[in-house]
Amino acid sequence: MEIVELKKGIYWVGAIDWNVRDFHGYSTPSGTTYNAYLILDEKNALIDTVRAPFYLEMLGRISEIIDPSKIDIVVSNHVEMDHSSSIPQIIERVGNPVVVTSERGKKGLEKHYKRAMNFRVVKTGETLSIGRRTLAFVEAPMLHWPDSMFTYVKEDRVLLPNDAFGQHIASCHRFEDEVGDEVMKHAAKYFANILWPLAPLIVKKVDEIVKMGIPIDMIGPSHGLIWRKDPNRIIQAYVEWSRGKAGKKILLIYDTMWGSTEALAKAILKGLIEEGAEAKLLHLRSNHRSDMIEEMLEAKGVLLGSPTLNNGMFPTMGDFLTYMRGLRPKGKVFGLFGSYGWGGGAIKEMRKSLEPEKFDIWEKELSVEYIPDPEEIQKAIEFGKEFVKKVL
Ligand code: FEO
């Protein structure tokens, strides 16, 4: 196995999951990594672990650098099992390492693994000397679980923030400057699908870190590539995404039964484009929900179209709105359209689904009975144009 050294004495000892394609509902066509870091000093520290099935891969990497029984400290920045589920096996292998974690982290590890651990609970600003180096801890509650914490290696200026700044990408490379711009697309999808609901907290946390005067040479997240060349690039991207930076992009997300809602969608698309929007048509059964959420990140408006089925919205739209609601993408204007045979109900149900989150929903709607005629197609084009005027 290749040995990857971030800085002298700091190693990546994680695992590469080339095959995962669904990460709790998030599509991962490029797989992912579970990053763990080993710091050699007077006391050797392992920062996070890997998902349990990858324990031996991590142990193999550690063993090429030191005898694993020489690990003194295991830092658990985050309890979610993709990072903590090898901790029990590491404890068995090592003996009785000190497990450094936040108060909520301790509670979470106890509830997950139901075994004694030699805990040391830390709070923001606390430090731990491991010899030549000092580890400093910053609690980051709800980024993205209550237990989340960042570890900062002071002397080396390396920030290990666990899930923050990650990307789901499996690669033979470990650093972002080795893969080019592709990394930003993965980082954007990761932000949109995991961290978007926490955007205000992210801006606050970034401000807090800047105010603490923490110089950062490198950011080693718990998934994907390590930000080595310009860590500020991802910090700035997070600030922009959190603040809802959007261009002239408008999305049309829809499904169709017999083609009527699709005919409306295409007519609306024509109106959007004619009025100057950068419009994109996304069929709910041709696009994964997590890719459409990524598309929404820099969109100004989103038009949602559904036929009526059994007096309600189409099931694919129900799935998408349930997922989207939880991510609370604020700063977008939503518009609703659809078709029906008798009675209707899709638009009403879509509106009802969005209202509890106080999304900005355009009061105007477009609803067509059976198959749109030329006049209704023209109305759909005008509907698109009006939406552009409202949104841009
Ligand atoms: Fe990568 Fe929240 O776990």
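This is a predicted model: local features need pLDDT of at least 70, side-chain atom pairs count only at pLDDT 80 or more; totals for chains, interfaces and linings use all residues.

Reader: Which element gives the most to the lining of the largest pocket?

Author: The lining of the largest pocket has 17 residues, with Met257, Trp258, Thr308, Tyr340 and Gly341 nearest the centre. Helix 8 (260-274), strand 19 (299-309) and strand 21 (333-340) each give two or more residues to this lining. The top contributor, with three residues, is strand 19.

Reader: What is the volume of the largest cavity?

Author: Counting cavities of 30 Å³ or more gives one. The largest cavity is lined by Phe23, His24, Glu80, Asp82, His144, Asp163, Tyr190, Ile194 and His223. By class, that lining divides into three nonpolar, three polar and three charged residues. The volume of the largest cavity is about 40 Å³.

Reader: Now the helices: are helix 5 and helix 7 parallel, antiparallel, perpendicular or oblique to each other?

Author: Two packed helices are described by the angle and the distance between their axes. Here helix 5 (residues 182-195) and helix 7 (residues 231-242) have axes that come within 11 Å and cross at roughly 45°. Roughly parallel would need an angle under 35 degrees, and roughly perpendicular begins at 65. Helix 5 and helix 7 are therefore oblique.

Reader: Is the crossing of helix 5 and helix 7 left-handed or right-handed, and how many nonpolar residues are in their contact?

Author: The crossing of these two helices is right-handed. On the helix 5 side, the contact includes Val183, Met184 and Phe191, and on the helix 7 side it includes Ile234, Tyr238 and Trp241. One residue of the contact is polar and one is charged, while the number of nonpolar residues is eleven.

Reader: How is helix 5 oriented to helix 9?

Author: The axes of helix 5 and helix 9 (residues 289-296) come within 8 Å and cross at roughly 100°. Angles of 65 to 115 degrees count as one class, so helix 5 and helix 9 are roughly perpendicular.

Reader: How many charged residues are in the contact of helix 5 with helix 9?

Author: Lys185, Ala188, Lys189, Ala192 and Asn193 of helix 5 meet Ser290, Asp291, Ile293 and Glu294 of helix 9. Three of the contact residues are nonpolar and two are polar, and the charged ones number four.

Note on methods. Residues are numbered from 1 along each chain as its sequence is written. Side-chain values use heavy atoms; hydrogens and water are left out. On a 1 Å grid over the protein atoms alone, a cavity is a set of points where a 1.4 Å probe fits but cannot get out, and a pocket is an open set with protein on both sides within 12 Å along at least five of seven lines; lining residues have an atom within 4 Å of a point. Grid points are joined across faces, edges and corners, and a volume is the space filled by probe spheres set on the points. Ala, Val, Leu, Ile, Met, Phe, Trp, Tyr, Cys and Pro count as nonpolar, Asp, Glu, Lys and Arg as charged, and the others, Gly among them, as polar. Helices (H or I, at least four residues) and strands (E, at least two) are DSSP runs, numbered from the N terminus. Axes are lines fitted to C-alpha atoms, for helices over the stretch in contact, and angles run from 0 to 180 degrees between N-to-C directions. Angles under 35 degrees count as roughly parallel, over 145 as roughly antiparallel, 65 to 115 as roughly perpendicular and the rest as oblique. A crossing is left-handed if the near helix is turned anticlockwise from the far one by less than a right angle, and right-handed if clockwise. Contact means heavy atoms within 4.5 Å.
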